[in-house]
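Subject: Structure handover

Hi,

Here is the structure I promised you. Please open it alongside this email and follow the notes below.

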Amino acid sequence: MSENNETKFDPVTGQNVAQTPQPENPYVTGQNVAQAPQPENPYVTGQNVAQAPQPENPYVAGKNTTQTPPPQNPYDPLAAPQPSNKKNMKILLGVIFGVIAVIVIAIICCAASGVFTSKNKKVLKAAKNTFVPNELMKDLNPGTTLIAGGNYTLAVELAGETDGKDIGIKASYQQNAEQKMHSVNGKVEYSGVSVDFHEYMDEDGLLISVPKLYPDVFGYYFNEEKDGYAADILGNKFFDAFDDLCLTSMNDMAASAKMSADYLQVLKENYDALEFVNAPKATFQIEGKDVSCKGYTTTLTEENVDACLDELSEVYDTYNKNTIDDVKTMCKELGLDDEDLKDFDCNAFDSLKDKIDGMPDLDVTFYIYKNRLAAVVVTGTDETGDMELDVEFRGGTTPTQNTFITYGLNGDSGTLKILGKTEDSVEKTKIVEVYDGEKTTLASINYDYANKELEIETDDGDIMATIDNSDKGLVIDMEDLYSASTLKLTLKRGSNIKKPEGDVFDIGTASEDDFYDLVYDIQDLTRGLF
């Protein structure tokens, strides 16, 4: 224990006791707040809109696009756009991700569809038949199913080096959503020092054990009165909000599935409201052959995008407003004011509305061949020029094994190619960017599904992995992780959650003297440790 002549400081605020306690970091809440899923692009809408004709578009006119001469000055997607094109490029890049989002939504909606008679449902059926999983996705699928079930164990083993010193982590996260409890326990090793840790939370409270730092278990109980020194310093409003925040996170384990379903319902209803019209046939290439495809066109406008985002924002607020209010209350108790916290009331959907301000009408045409998508073409025009995005699904072992994405703005363009083939039991994929006549390989992915061996090569490094999957679990064992580390992930069904054992230091009721003793004991125990 320290002598009386040593400088004392407040164990809660970390300040010299002679000073007025001021929190150094007002954002520390003590709880990881889960985030609601956010869409990647603002162009996913789903409102009923009028069809805008595009007579200059060769796809709508039914011309063979393979005869269109290439642009002379392609746009470099990695270079900074000229100031006059910033607005257009923002919209164009949004469209690229938007088409992907539209198609994903189509697949999900299609799964619940019945008879495919309307044009909307024909497009959905084609999307479902197009986006089928390859062997790698099939082998990774059990992991998604286990996590969605809410009762699982995820173990992580990491070994590597940083700043010339060895580092190792072994940790296990266990969750049981039905019983509303979870735990994280494991060990961290760094430069010869090993520290064990164990965290546990249920509807009663939070327990944390770090024996290397202190022999007792730190305990905090949500439903008990906080009448100790911490409450004197931080205030009861702070702890009331923290209690509600933690309890909400426990309830979110079960609510997350319902929230996702509500998001999906909004998107499905907006998609169902779209009006599709017939487009002239166009020719595309599938598995090396030119084929004639029927087209169906719908139009997305800024107005119906805004309406869809408003509905998504309402869903977000329904599940997250209480959490946001709790965080704001805690921050106010730590000294922040309304001006500091004004951005808390603006969620990601509201921000997206600002980003699409001035978005032109976008015509989206789905070309179908034998009940699968051959291409998706997006066109639009504003005051500075034309923009276009073409996504062609050229087939292979799966319809998407070879996919070409061509994007253009006012005559400038580039292409991203996904080139795939299957040899024996090996799926081979290359991702190539074509710009100004030069090809750049961004990544190579080889998956031997017979031996469950995965190899990924990029400019940043290589990853070697083996995958062992079953209905009961999934193991991903990675080697040569960017030539620095090894990583093993083990996911299995079920959990065996236990509480830390030992005497409990109750944070909510501990006195000022208890906190001072705690701090001095930790100083003595860790002296020379780090």
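H6 passes H7 in a left-handed crossing. This is a predicted model, so keep that in mind throughout. Helix H6 covers residues 302–333, and helix H7 covers residues 348–355. Their axes come within 8 Å and cross at roughly 165 degrees. Angles over 145 degrees count as roughly antiparallel, so H6 is roughly antiparallel to H7.

Which residues make the contact? From H6 come Asp-306, Leu-309, Asp-310, Leu-312, Ser-313 and Tyr-316. From H7 come Phe-349, Asp-350, Leu-352 and Lys-353. Sorted by class, this contact of H6 with H7 has five nonpolar, one polar and four charged residues.

Next, look at helix H8, residues 512–526. H8 has 15 residues. From its first C-alpha to its last, H8 reaches 21 Å. That is close to the 21 Å expected at 1.5 Å a residue. The buried residues of H8 are Phe-515, Tyr-516, Leu-518, Val-519, Tyr-520 and Thr-526. What do they pack against? Their partners are strand S6 (217–221), helix H4 (229–234) and strand S20 (504–506).

Two single residues are worth a stop.

Start with Leu-158. You will find Leu-158 in strand S1, residues 151–162. Is Leu-158 buried or partly exposed? Its relative accessible area is 29%. Buried means under 20% and exposed means over 50%, so Leu-158 is partly exposed. Not counting residues up to four places away in sequence, Leu-158 touches Ile-167, Gly-168, Ile-169, Ser-485, Thr-486 and Leu-487. Take Gly-168 from that list. Leu-158 and Gly-168 are 10 residues apart in sequence. C-alpha to C-alpha, they are 5.5 Å apart in space.

Then go to Asn-402. Asn-402 sits in the loop between strand S11 (385–393) and strand S12 (403–409). Its relative accessibility is 16%, so Asn-402 counts as buried. What is Asn-402 in contact with, leaving aside its neighbours within four places in sequence? The list is Glu-392, Phe-393, Arg-394, Gly-395, Gly-396, Ile-418, Leu-419 and Gly-420.

Finally, the whole chain. The protein chain has eight helices and 20 strands. Of its 530 residues, 43% are buried. Now take contacts between residues at least 6 apart in sequence. Among these, 56% join residues at least 24 apart.

Best wishes

Methods:
Residues are numbered from 1 along each chain as its sequence is written. This is a predicted model: local features need pLDDT of at least 70, side-chain atom pairs count only at pLDDT 80 or more; totals for chains, interfaces and linings use all residues. Side-chain values use heavy atoms; hydrogens and water are left out. Helices (H or I, at least four residues) and strands (E, at least two) are DSSP runs, numbered from the N terminus. The expected span of a helix is 1.5 Å times one less than its number of residues. Buried means under 20% relative accessible area, exposed over 50%, partly exposed in between (1.4 Å probe, protein chains only). Contact means heavy atoms within 4.5 Å. Axes are lines fitted to C-alpha atoms, for helices over the stretch in contact, and angles run from 0 to 180 degrees between N-to-C directions. Angles under 35 degrees count as roughly parallel, over 145 as roughly antiparallel, 65 to 115 as roughly perpendicular and the rest as oblique. A crossing is left-handed if the near helix is turned anticlockwise from the far one by less than a right angle, and right-handed if clockwise. Ala, Val, Leu, Ile, Met, Phe, Trp, Tyr, Cys and Pro count as nonpolar, Asp, Glu, Lys and Arg as charged, and the others, Gly among them, as polar.
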